[in-house]
Amino acid sequence: MRITKLKVVGALIAALALAVAGLTGCSSSESSEGQRELTVGFVVDPSWAHIPVAQQEGYFADRGLNVKVVNFSTGVEALQALTAGQVDVTTAAAVPTSAAVIKTPTLRVAADGSRWEGFRLVARKQSGIRSLQDLNGKRIGTPLGTSGAYFASKVVEGSGTDAELVQVAPSAIVTAITQGDVDAVSIFQPYQAQAIAALGADAVALEPPGGTLVDHCLFVTTEAAASERQADLTAFFEALGDASKDLTAQTDGAVTAVADATKLDPALVKDVLSGYDFTLQLKPALADDLAALGAWAQQNGKIEPNVTLPDYSQFLDTQFIKS
């Protein structure tokens, strides 16, 4: 009887050991091939072209990373997934990030992946627009709450006109402007290039006298991931650094990778990529830009009016990028 009990106890201990081993395997960040796994949110946009280039050229694999890319249509969705712990790091533009860090102060900006200074209002000549002063009484289509809307609002304010900003999703921009549903559009790439190409000779690009907006395209993680996955994130950004060199040189492999990821024509991709600075950086001045965007978001109801805007420098995690 004693032997039987010992056998039962032994069997239970063995089963428990197997269960613990199974749980350890589930929580591990290593894949079956021995590579460390990292889940990355990707807003499908050339602004963060580093990701498809690093994936296709093997820069992640070279550093022992198995990167799982999860696609999102907007930075707002991507940041929500990051907050929920569904991804380890994600791409997001500066405008939604400036609001998201207030709601979730554990978010951290790990890199300023690229910068684009090509914002213009794209207008229809058929709408009688030749200059900024012609915007009076006109409708400007833009995705409200984005950098496109921020730029348009600054143009309208600076020109002293009474143009109206109306909501148009990025995917509907080309249709809206070509069919005359709006008189002008304010949109980021690649939609700006597509709108200009679709309008042809009817397109007019308007830039405010004071210069255009610098659109910061960020990589955002969490305080916990920055600590617990420090080595993996360091390897991730090293791989992106290699990809940025390919993007700057516009290698055939880089153009193909971005075209495949975005489903855009390679010729359009090459034209769009030439407008970006893909060098990874994280400069202190970014905090000032985020603060300006946060103030604008608060004025437009994206941040509660009674909230005191924070010191945005506290959200910049400089351990991964040496600027």
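The following legends describe close-up views of a predicted protein model.

Residues are numbered from 1 along each chain as its sequence is written. In this predicted model, local features need pLDDT of at least 70 and side-chain atom pairs count only at pLDDT 80 or more, while totals for chains, interfaces and linings use all residues; side-chain values use heavy atoms, with hydrogens and water left out.

View 1. Helices (H or I, at least four residues) and strands (E, at least two) are DSSP runs, numbered from the N terminus. Of the 323 residues, 50% are buried, where buried means under 20% relative accessible area, exposed over 50% and partly exposed in between, with a 1.4 Å probe and protein chains only. Contacts are heavy atoms within 4.5 Å; among those between residues at least 6 apart in sequence, 78% join residues at least 24 apart.

**View 2. Helix 6 spans residues 147-159 and is mostly covered.** Its 13 residues reach 18 Å from the first C-alpha to the last, close to the 18 Å expected at 1.5 Å a residue, the expected span being 1.5 Å times one less than the number of residues. Ten of the 13 residues are buried, among them Tyr150, Phe151, Val155 and Val156. Gly160 follows helix 6 and has a positive phi, near 70°.

**View 3. The largest nonpolar core has 104 residues.** Such a core is a set of buried Ala, Val, Leu, Ile, Met, Phe, Trp, Tyr and Cys residues joined through side-chain atoms within 4.5 Å. Phe236, Phe237 and Leu240 touch the most other members. Helix 10 (residues 230-249) gives the most to this core, with eight residues. Leaving aside residues up to four places away in sequence, Phe237 touches Val89, Ala110, Ala111, Phe219, Leu280, Phe320 and Ile321.

**View 4. Helix 5 (residues 94-103) crosses helix 13 at roughly 80°.** The two axes, lines fitted to C-alpha atoms over the stretch in contact, with angles from 0 to 180 degrees between N-to-C directions, come within 8 Å. The helices are therefore roughly perpendicular to each other, a term for angles of 65 to 115 degrees. Ala94, Val95 and Ser98 in helix 5 meet Leu290, Leu293, Gly294 and Trp296 in helix 13.

**View 5. Ile303 lies in the segment after helix 13 (286-299).** Ile303 counts as buried because its relative accessibility is 5%. Its C-alpha atom is separated by 9.0 Å from that of Ala100, 203 residues apart along the chain.

Definitions and conventions:
Angles under 35 degrees count as roughly parallel, over 145 as roughly antiparallel, 65 to 115 as roughly perpendicular and the rest as oblique.
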